[in-house]
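Dear colleague,

Please find the structure below, together with its sequence. My notes on it follow.

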Amino acid sequence: MTQIPYKIHLTEDETPKQWLNLRAFMKNKPAPLLHPGTLKPATADDLKPVFCDECIKQELDDTSKYIDIPQGILEFYKGYRPSALVRAYFLEKALDTPAEIYYKYEGTNTSGSHKLNSAIPQAYYAKKEGLTSLTTETGAGQWGTAMSMACAFYGLNLIVYMVKVSAQQKPYRKYLMETYGAKVVPSPSDTTETGRKILEKDPNTSGSLGCAISEAVETAVKSDKCRYVLGSVLNHVLLHQSIIGLETKLAFDKYGISPDIIIGCAGGGSNLGGLIAPFMVDKLSGNSNAHFIAVEPASCPSLTRGKFAYDFGDTAQTTPLIKMYTLGSGYIPSSNHAGGLRYHGMNSTLSQLYADGFLEARSVEQTKVFDAAVLFAKTEGILPAPESSHAICAAVDEAKKAKLAGEKKKILFGLTGTGYFDMTAYAQYNEKTMSDYIPSDEDLARGFATIPQIDL
């Protein structure tokens, strides 16, 4: 049998030239976006004041199975793609498991995460459209960093509304974004009408991605030659992130490997959706028995404890309505360290797949996540981001199950980025001051109360 190398590389010529549109392969497609006023499916004209034209076209396309990646984007991708698929031999040894563990590592580009895969297309399309500035939100800062880098490359101005607690926990992310030329505003802020209203209700709020989105959208629609861009939740972002799964599958195919278990952390869905896309196509067509696991923080359990309903994507309830698993747009998660997973809802495509039984969802407490993160750092030599560490945690659990069962399972997870800007979190873990928060039913009920009652 051929020995699997520690890193499975693709050549530059093997890098995919098209993105995969997972929705086009689904018989039971996700429900359409709804205009919040008319409650009818949102049209391109409805979305035009907020998003770039090409992103709107991609967002509304659920029939094209593959979409060509423009040459300009492919040229930029060459700077850091293809990324490595790594066999976690050292982690396997530490766990003494017969399972084979693989991870797709997206942390080698300058922005430090998978977010650049969508930031570059969105900035590219904005520049091509003749826009001069963009607005966005960011949680832990990975998306804000990637978007700052992309806007610097294309000469666009950028305002980033960063969730307040993340701005406090991760000041160096703010400095990095500013180094690329972005303006970073802790959210909620007094710079927007939305922010001021939120602060009036709770001056000490830690903020949320929903709050930050509201501020970014408000600024975009009031500014000339400006649009809003986002790094997760919507389907055109999953489209761009499919490059992750496509590369992974090509690398596995070189050695005739088919993963049995595929795991991704889950916040808004960008990394999970990108990783699983081509493997889920095989599952939907009946050519695979792979098991898919979405792992979310216990403090923000949209899949495991949320409701499948139409909801707003932001706290101010200005966005189109999205049918998704949601905790309610008014839900404010606790200040856990996986800032990129502190979003109240889940992407509509992943939500539909979960509702139809194609995905398993798990929620994990923060300290258990960091147990896995530290084990991974000690064995594989990479300090993982807290978000990715949720996937690592589930991979470790599955490898232990394989050991008990004596099964040589092939486990794949997504390592979305590094944790070198998350040292406050690691310090709390090491000092044993980290706590776990699991919302009560009463906590969730307050969020559920903000979900609109829509009778369709």
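This is a predicted model: local features need pLDDT of at least 70, side-chain atom pairs count only at pLDDT 80 or more; totals for chains, interfaces and linings use all residues.

Which residues of helix 6 are buried? They are Q142, W143, G144, T145, A146, M147, S148, M149, A150, C151 and Y154, where buried means under 20% relative accessible area, exposed over 50% and partly exposed in between, with a 1.4 Å probe and protein chains only.

Residues are numbered from 1 along each chain as its sequence is written, and side-chain values use heavy atoms, with hydrogens and water left out. Helices (H or I, at least four residues) and strands (E, at least two) are DSSP runs, numbered from the N terminus.

Helix 6 and its surroundings

Helix 6 is mostly covered, with 11 of its 13 residues buried. Those buried residues pack against helix 3 (71–77), helix 5 (116–129), strand 6 (133–138), strand 7 (157–163), helix 8 and helix 16 (386–405); contact means heavy atoms within 4.5 Å. After helix 6 comes G155, with a positive phi near 70°.

The axes of helix 6 (residues 142–154) and helix 8 (residues 171–179) come within 8 Å and cross at roughly 15°. Axes here are lines fitted to C-alpha atoms, for helices over the stretch in contact, and angles run from 0 to 180 degrees between N-to-C directions. The two helices are therefore roughly parallel to each other, a term for angles under 35 degrees. On the helix 6 side the contact is made by Q142, G144, T145 and S148, and on the helix 8 side by R173, L176 and M177.

Backbone features in the loops

Most residues other than glycine have a negative phi, and most peptide bonds are trans. The bond from R81 to P82 is cis, with omega near 0°, and P82 lies in the loop between helix 3 and strand 4 (85–87). The bond from S187 to P188 is also cis, with omega near 5°; P188 sits in the loop between strand 8 (183–187) and helix 9 (193–201).

D96, in the loop between helix 4 (89–95) and strand 5 (100–105), has a positive phi near 50°. D96 counts as exposed, at 53% relative accessibility.

Yours sincerely

Definitions and conventions. Angles under 35 degrees count as roughly parallel, over 145 as roughly antiparallel, 65 to 115 as roughly perpendicular and the rest as oblique.
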